[in-house]
Every structure is written in structure tokens, then in C-alpha cells.
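Here is a friendly walk through a structure, in questions and answers. Have the sequence and the model open beside you as you read.

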Amino acid sequence: MRRTDKNRGWIHAVVILGFLALFIAGMAGWPEVFALRLFGASYLTVGILFGSVAIIGPVVFTALHNRARKQADVDV
Amino acid sequence: MYKRLPIGLFTLVPAVVEAADAPNETTNTVAIFCFLAVIGITVVITYRAAGRTRSASEFYVAGGQISGTQNGIALAGDFMSAATMLGITAIIFGSGFDGIIYLIAPSVAFAMMALLMTDRLRAMGRYSFSDVVSARLRAPPMRVLAASATLVSAIMYLVLQMVGAGALVQVLFGIDYKLAVILVGALMVIYVAFGGMLATTWVQITKALMLVSGILVLAFLSLLAFGFDLEALYAQALARHPKGELFVRPGGLDLGFWGALSLICGLIFGLVGSPHILMRFFTVPDARSARQSALVAMILVAVVNLLILVIIAPAAIALVTGNAQYLDETGAVLGGANMVSIHLSEIVGGSVFLGVMSAVAFATILAVVAGLTLASASAVSHDLWANVIRRNQAGEGEEVLVSRIATGFIGGLAIVLGIAFEGQNIAYLVALALTVAASANFPLLIYSMYWRGLTTRGALVGGWLGLLSAVSFVVLGPAVWVNVLGFAEPVFPVSYPALYSIVIAFACIWLFSRFDRSAEGQKDRERAREYLGQF
């Protein structure tokens, strides 16, 4: 396995764990961890924004990953 | 045999029509028409697929010839069950913010599948996740474990779909809950027994497109009801909800940190370990198509989940809460909270749209139960019968026959359990079903695909302990011990036990593999180099 592939595996794992930590933080009743609450946004706003980012984030990340893999396959 | 299929099916239809003609129920002509149209379309699909399903590969994985995009739509269909459309809206309706845990989990789960699993699944398996976990370890006992885990998790998942279908048909046609459950059970047996994976895939594709379209229209009509003014929608939701502003704050499910962690781990790892979802990655020709499938599924699921979060659930709170037309004499929502999105569709779109959305929900449930039944039947026929009992001596025809017989038995069991669990919250039951998949299947898969130190002994001890602890915690917990069996207090007082059983499985697999000094353990480690060295 090439070093870049190994690094990519670790980056994926870290990103997924990051998403997981983000969700748990939000779910466990700590919306203040999100900067919006510190700036006085309502719980409703934070909830909708947080939920939307958390739902869309992994989709965007996976789309970029698939694109990179496709390009790598072409390069090889 | 498949030519007799429609005759058997249509003997069931008069029961529905007759029930709908009964004088004391909520009849809806459009709903009945849509309902019968869904059944008709799916039967035609099954009839056509049945003629093209002969070999075991065609029965289990449609010959591996489904395209990435088609498979992605079917994968989204496999995931978006009664829980997505009915249960999650119901959870947000009742408990507010915390319900979005259920909306977020699939995005992470599909990302994990696309990024970490698809390539290795394809390289190590053929039909199912059992192939993967038995590839580098001693096959017979591993297949028994994997098949047991598949059967338990898939049947638990089947039960909740039955609960949703029963409630839906009961509200729609006023027919008895038990009859509704029997009807759904009979249909799912027909789809799977006759059409195999090809029929199941096309039923899923049809249903997924219907569901996404239905959700888009429901969101549009909900916004239209408020003049496209989201602020007005949210203001009315806040004003109507019994908890007021508290419903948008975390804590509605009263989970606490460990409870939230347990629920989210159970949902995410359970989805990743769901046999009927993993099976989909074998129906495409190559790994690239498998990754594309995961992405297409993620996009569709994300669109539906976003619409539920931002528009549909708040609109349900704003328009169904306190609406006397949809409350029974005790003040509860007619048909239970699971029906709020169906009631919302009638409020914003009238009886025609109610009929359409009910048919969509029914199609959703039918398709998911078909996928689950297929996964369960393959565990019996491919893992237990062909590989363990017949020691690879069974012909393909025999294997497919056993799978069809198993489908009938599994359908019967799902009907009995579906009746026993009447009235339970669907999304809650999802969490429990996924607990089993997360505790037994997921640890085995991850270790099989990534850890060279895994041995047969470690996998068996940890896998069985994960499975048994998950089932024990669920049975002894509030959902079964109190709500179904009627005891006053649960023996294991944790509503979401996934975290405990997942930790037990991971720790025991590692521990018993790490200290396995047997000759077989050494062979397992050597074989791991052959399988994992290619990545």
C-alpha cells in the first residue's frame, strides 16, 4: 500500500470520528459548543443549522472522496 | 411456479376492499385506488423478475448486474423505511430537537460504508456479510454466528415495519390491525420467494422514487400552507407544541450524555452492520459502482431527511397538534404519533394527497420488508443450509428452493411478532433492531476487514457475546420487558443499550484473539496476510 493511501485512510477515519463527536456534542445537550449560540442565535436556528450541516457534511465529503478515487484510478 | 403468483396475491385484495366498504371506518377512494395501484405495480415487477431469476447469484444479488445509480436508489430505498417517513417525524413531533439524531445517523453511516468498507466488502465477499466474516476464519462456526446475527437483527427490523404497516392500513381503511399485518406479510413473502433480489431491487427503486417525490410535494404543500413563510411556520409550531420553546432544545428524549452516545452509536454502527444494506454492495459489477451507490443513496436520504427536519416535522407540529379532527377521545393523535405525517398530508393536500402519501408509505414498508426478508432467507439457505449443513454439496436449485421455503417461515414469524408489538413507536424499535446489528455484525466486519490479529476463537466468543448481550439487554429493557411482556419494572433499565453491547463485543473479540495461542489462531493470522495484504 502506498503511503498516500495509508494517509488517506487515516484522514477518513479522523473525519468520520469528527462528525461523530460533533453529533454527540450536539445531541447531549451542549448546543453552546456551536459558536452561533455564543452569538445569541436561538436554539431553533442552531438546531436547524446544525442538523443541516451534519446531514449534508458527510455527503459532500463522500462526493469529494469518490471524485478523488475516480481520478486516481484514471491516473493509474 | 411464478405464473401462479398474481392469483395467490389477488385473493388478498378483496379482503382489503371489503374491509374498506365497512360502514364505520375512514374510507378514502383515492387511497384505496393508490394502494391497489402500488400492489399492482409491484406484483408486475415481481412477475417479470421471477422469469429472470434462476441461479443463486440471480436470486441473492441479481447477478451483480445492477448499475451504481440504480443500486444507489435501491439502497436509499432499503434504508428509508417506515421509521424515516412515519417514525422520525413522530419522534420530533413528540420530543423535539433530539429526534434529529435519527436524521443525522444515516449520513455518517453511508459515509463510513463508502469510505471504509465498500472496497474490502467487494474483495472479501460474494453474496452477504457472512461471506466476509467467514473468508479468513474457520467458515462453518463463523457462518452459524453470522447467520444467527443476520436473522435476529433482520427479524427485529421486520417487526417494526409490520407495526408501521399495520397502523397505516388500519387508519387508512379501518381494517383490523392483525389483518393488515397478515396482508403485508403475505405480500413480502410473494415478492421475495418469486422475484428474489431483482424484484426486490426494482420494487425498492420504484418505492424510493415515489417516496422522494412524495416528500418533496409534502414539503412544498406544507410551505404553501404558510405562504412560504418559514418564520410563520416555526412560530406556530413553537406556539402549539405542549413543551413550547423547550421542544427545540436538546433533552426531549431525556437521554443524557451516555444515552445520546449509546443511541447514536447504535444507529450508525447498526446501519453499517445491517445485512440487508450490506447485501446491496454485491449487486453491482465493481467497487467503483459500489462507492457510487453509497453516494447516490446518501444524497437521496439527505434530501428526505433535510426536508423532514426543516419543514415537515415543524409543519406537523404546527398543523396537527391540537387539531381536534386528528385527536381521539383521550387527546392522543389518531392512529398514534406514527401517523402525524399522514395526517399532515391530508391537512395540506386534502384526501387525494392523503391517499397518495398513504400508498407511498405502504410501498415504503413493503419494499423494506422484502429486502429484509431476502437477507434473512439468504442467511438460512446460503449460510446455514448450503455451507454448514450440506457442506457446499447443495446445488443452486436446492439452495434457491430452501431460500423460498425460509422466506415463508420468516414471513410467518414476522407477522406473529408484528401483532405482539402493536402500538410501539417505530423509530424506537429501529434503535433496538439496529442495536443487535451494531453489537454483533459491525464489530465482526470491522475486525475482519482491518485487523490481522483476529482469530476464529476471538470472533466466535466476542461475536456471540455481542449478539446475546444485545438481545438480552433489549428483552430485559423497557421496550420488551415492560411494554410488551407487561412487567412493572425493567430488569435492565436502559432504553438504548447499544453502547454496552458494542463495547462487550469489541473488547471480547480483541481480548480472546490477542491471547489466542492455538495452532488455529496462528493459521488465522497467516491467512489474514493473504486477504488484507492486497489493500
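The questions below concern a predicted model.

Q: How many helices and strands does the secondary structure of chain B come to?
A: Let's begin with the secondary structure of chain B. No strands turn up in chain B, and the count is 21 helices and zero strands.

Q: What does the globule rule give for the 535 residues of chain B, and what is the radius of gyration?
A: For 535 residues the globule rule gives 24 Å. The radius of gyration of chain B is close to that, so chain B is as compact as a globular protein of that length. Along the principal axes, the C-alpha trace spans about 70 × 55 × 45 Å. The radius of gyration itself is 22 Å.

Q: In chain A, what percentage of the 76 residues is buried?
A: Chain A has three helices and zero strands, and its elements run α-α-α from the N terminus on. The accessible surface of chain A comes to about 4500 Å², and 67% of that belongs to carbon and sulfur atoms. Of the 76 residues in chain A, the buried share is 39%.

Q: What distance does helix α20 of chain B reach from its first C-alpha to its last?
A: Helix α20 covers residues 498-514 of chain B, which gives it 17 residues. At 1.5 Å a residue, its reach is close to the expected value. Its buried residues include B:Ala498, B:Leu499, B:Ile502 and B:Cys508. From first C-alpha to last, helix α20 reaches 24 Å.

Q: How many aromatic pairs are there over all chains, and why is the pair of B:Phe442 and B:Phe506 given its class?
A: Over all chains the count comes to nine aromatic pairs. The ring centres of B:Phe442 and B:Phe506 are 5.9 Å apart and the planes stand at 70 degrees. Since planes over 60 degrees apart fall in this class, the pair is edge-to-face.

Q: Which helices hold B:Phe442 and B:Phe506, 64 residues apart?
A: This pair links distant parts of the chain. B:Phe442 has a relative accessible area of 4% and is buried, whereas B:Phe506 is partly exposed at 21%. Of the two, B:Phe442 belongs to helix α17 of chain B and B:Phe506 to helix α20.

Q: Which residues form one aromatic cluster with B:Phe442 and B:Phe506?
A: The cluster takes in both B:Phe442 and B:Phe506.

Q: Over which ring does the charged end of B:Arg120 sit?
A: Two arginines in chain B are worth a look. The charged end of B:Arg514 sits over the ring of B:Phe515, 5.7 Å from the centre. For B:Arg120, the distance to the ring centre is 4.1 Å, and the ring is that of B:Tyr450.

Q: Is B:Gly466 buried or exposed?
A: B:Gly466 has its place in helix α18 of chain B. Beyond neighbours within four places in sequence, B:Gly466 is in contact with B:Ser439, B:Ser501 and B:Ala505. Its relative accessible area is 0%, so B:Gly466 is buried.

Q: Which residues is B:Phe473 in contact with, leaving aside its neighbours within four places in sequence?
A: B:Phe473 also lies in helix α18 of chain B, and it is buried, with a relative accessible area of 16%. Leaving aside those sequence neighbours, its contacts are B:Phe492, B:Pro497, B:Tyr500, B:Ser501 and B:Ile504.

Q: What is the phi of B:Phe228, which is not a glycine?
A: B:Phe228 lies in the loop between α10 and α11 of chain B. With a relative accessible area of 45%, B:Phe228 is partly exposed. Although this residue is not a glycine, its phi is positive, at about 60 degrees.

Definitions and conventions: Residues numbered from 1 in each chain as written. Chains lettered and ligands numbered in written order. Predicted model: local features only at pLDDT ≥ 70, side-chain atom pairs only at ≥ 80, totals over all residues. Heavy atoms only, no water. Helix = DSSP H or I, 4+ residues; strand = E, 2+ residues; numbered from the N terminus. Expected span 1.5 Å × (residues − 1). Buried < 20%, exposed > 50% of the residue type's maximum accessible area, 1.4 Å probe, protein only. Phe/Tyr/Trp six-rings, centres within 6.5 Å; stacked < 30°, edge-to-face > 60°. Lys NZ or Arg CZ within 6 Å of the ring centre and 35° of its normal. Rg over C-alpha atoms; globule rule 2.2 N^0.38 Å. Contact = heavy atoms within 4.5 Å. Areas by Shrake-Rupley, 256 points an atom, 1.4 Å probe, with all protein chains shown as cover.
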